Amino acid sequence: MPVEVTWWGHATCTLEDTHTRVLTDPLFARRLAHLRRRRGAVPPPPALRADVALVSHLHADHLHLPSLARLAPGTRVLVPRGALRAVPGLRRLTGLAVSEVAPGDVTTVGPLVVRAVPARHDGRRLPVGRHRAPALGFVVEGEARTYFAGDTGLFDEMAKEVGPVDVALLPVGGWGPHLGEGHLDAGRAAEALALLGAASAVPVHYGTYWPIGMDAVRPHEFHAPGHEFERLAARYAPDAVVHRLGHGESVRLGVTR
């Protein structure tokens, strides 16, 4: 049975595997602080339906409380260990089944197994401050092994901690003209794809949000990362197939092992 990936924009995707829906880093907003959505419509209400939502880290464009509040009552939500202390608003989402996980933890969701894996990224809620929790990636195993990286840089143990996987949802850009430490750009994402040995990849985390008033500042950093990842993946991981989706587009992936 094929798996299906839908990219809603930024790091928000729906993975359907074995009749189970997994939603990643839900962000359903036209504007977030100084960011506005410049491409792609806000996802429609059916996009909110999920059996489990995965939250990779505490930054507000990944752990977005108003978006989580729109999920159906009873939806399971996996967040990094320490998130409930660092983000008190999570405790007010009483209709959701929120669980904290750390690298190595395994959660069963219907027929799927979800494994939390390390990520190299700033785990603080705010750019300054002591409230933090470890940034995570997730490997979802059903018909396919699908890696959702969240936000991460390359790290020495990536292949060991994450792989092997069949499908990789990899961040290739950001929401501003510069990427700091602990991020993948298109080139580093292509290197990660080669390390992980995935047969299929979907570039995410680019071309959606941009700071208000900065449309003319390094606009290629907004538009180009998906194409650049596609080009560089052909060099670093020539056996992998890159599916560069538009906002709201889906791809069905047959998996053979």
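**Core.** I looked up the largest nonpolar core, which has 54 residues. A nonpolar core here is a set of buried Ala, Val, Leu, Ile, Met, Phe, Trp, Tyr and Cys residues joined through side-chain atoms within 4.5 Å. Buried means under 20% relative accessible area, exposed over 50%, and partly exposed in between, with a 1.4 Å probe and protein chains only. L54, F138, Y147, V162, L170, L193 and F229 touch the most other members. Helix α4 (residues 186–196) gives the most to this core, six residues. Helices (H or I, at least four residues) and strands (E, at least two) are DSSP runs, numbered from the N terminus. Another core lies apart from the largest one; its 22 residues include A53, L58, L84 and A86. In soluble globular proteins, nonpolar side chains tend to be buried together.

**Ground rules.** I noted that this is a predicted model: local features need pLDDT of at least 70, side-chain atom pairs count only at pLDDT 80 or more, and totals for chains, interfaces and linings use all residues. Residues are numbered from 1 along each chain as its sequence is written, and side-chain values use heavy atoms, with hydrogens and water left out.

**F138.** I then listed what F138 touches, leaving out residues up to four places away in sequence. Among them are L54, V55, L78, V101, R115 and Y147. Contact means heavy atoms within 4.5 Å.

**Aromatic pairs.** I found two aromatic pairs in the structure. Rings of Phe, Tyr and Trp (its six-membered ring) pair if their centres lie within 6.5 Å; planes under 30 degrees apart count as stacked, over 60 as edge-to-face and the rest as tilted. W7 and Y206 are stacked, 5.3 Å centre to centre, with 10 degrees between the planes. W7 sits in strand β1 (residues 3–9) and Y206 in the loop between β14 (200–204) and β15 (209–211), 199 residues apart. W7 is buried at 1%, and Y206 is buried at 5%.

W210 and F222 are edge-to-face, 5.5 Å centre to centre, with 75 degrees between the planes. W210 is in strand β15 and F222 in helix α5 (residues 220–223), twelve residues apart. W210 has 0% relative accessibility; F222 has 1%.

**S67.** I ended at S67, in helix α1 (residues 65–69). Is S67 buried or exposed? S67 is buried, with a relative accessible area of 0%. Beyond four places in sequence, S67 touches P26, L27, F28 and L48.
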